[in-house]
Amino acid sequence: MTNTFMIQIENEMQGIGTRLKELHYSAPSYSIHKLIDDFYNSFSNFEDALMENSQALWGFIQPGDLNPKLPEAMEFETLLEDIRTMLISIKKEADDNMFWSGIVNLVDDFFTEVNKYIYLIEIAKHQAKKED
């Protein structure tokens, strides 16, 4: 792939996927476990669509091109905030270039999904406190 920015994004996304699985396996309650699992599925679908669009524009990713980067975030909420920051960086990179339209549309849709999960994790944590 000729777009090094999108290779960097995929490296970050691979690391995020790993961290999501770690958080999923170590969730403190079933509701949070399920929430992270559901988000992981949405994230995986987004990642796949984003990279397929990227490859249509800039060529294929080849074996050895990726070097996953684990995020520093160790909590689901923080990771979601970091994902929002990554989405913003994609939109900034795209700027007003219409060539990026499909990617920008995917990012906009997923931004809404991330915000939904930020809301849902707060509800799950609030409910867990009530049960304690």
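These legends describe views of one predicted protein model. Local features need pLDDT of at least 70 and side-chain atom pairs count only at pLDDT 80 or more, while totals for chains, interfaces and linings use all residues. Residues are numbered from 1 along each chain as its sequence is written, and side-chain values use heavy atoms, with hydrogens and water left out.

**View 1. The protein chain has four helices and zero strands.**
Along the sequence the pattern reads α-α-α-α. Helices (H or I, at least four residues) and strands (E, at least two) are DSSP runs, numbered from the N terminus. The C-alpha atoms fill a box of roughly 50 × 30 × 20 Å along the principal axes.

**View 2. Helix α3 covers residues 76-94.**
Its 19 residues should span 27 Å at 1.5 Å a residue, and the end C-alpha atoms are 27 Å apart, which agrees. The expected span is 1.5 Å times one less than the number of residues. After α3 comes Asp95, with a positive phi near 50°.

**View 3. The buried residues of α3 pack against α1 (4-25), α2 (30-58) and α4 (101-131).**
Buried in α3 are Phe76, Glu77, Leu79, Leu80, Ile83, Met86, Leu87, Ile90 and Ala94. Buried means under 20% relative accessible area, exposed over 50%, and partly exposed in between (1.4 Å probe, protein chains only). An α-helix has 3.6 residues a turn, so residues three or four places apart point the same way. Across the protein chain, 39% of the 132 residues count as buried.

**View 4. Tyr40 sits in helix α2.**
At 23% relative accessibility, Tyr40 counts as partly exposed. Beyond its neighbours within four places in sequence, Tyr40 is in contact with Gly17, Leu20 and Lys21. Contact means heavy atoms within 4.5 Å. Ile16 lies 24 residues from Tyr40 along the chain, and their C-alpha atoms are separated by 9.4 Å. In the protein chain, residues 24 or more positions apart account for 80% of the contacts with a separation of 6 or more.

**View 5. The protein chain carries 11 positive and 23 negative side chains.**
Lys and Arg count as positive and Asp and Glu as negative; His and the chain ends are not counted. The centres of the two sets lie 7 Å apart. Each charge is placed at NZ of Lys, CZ of Arg, CG of Asp or CD of Glu.
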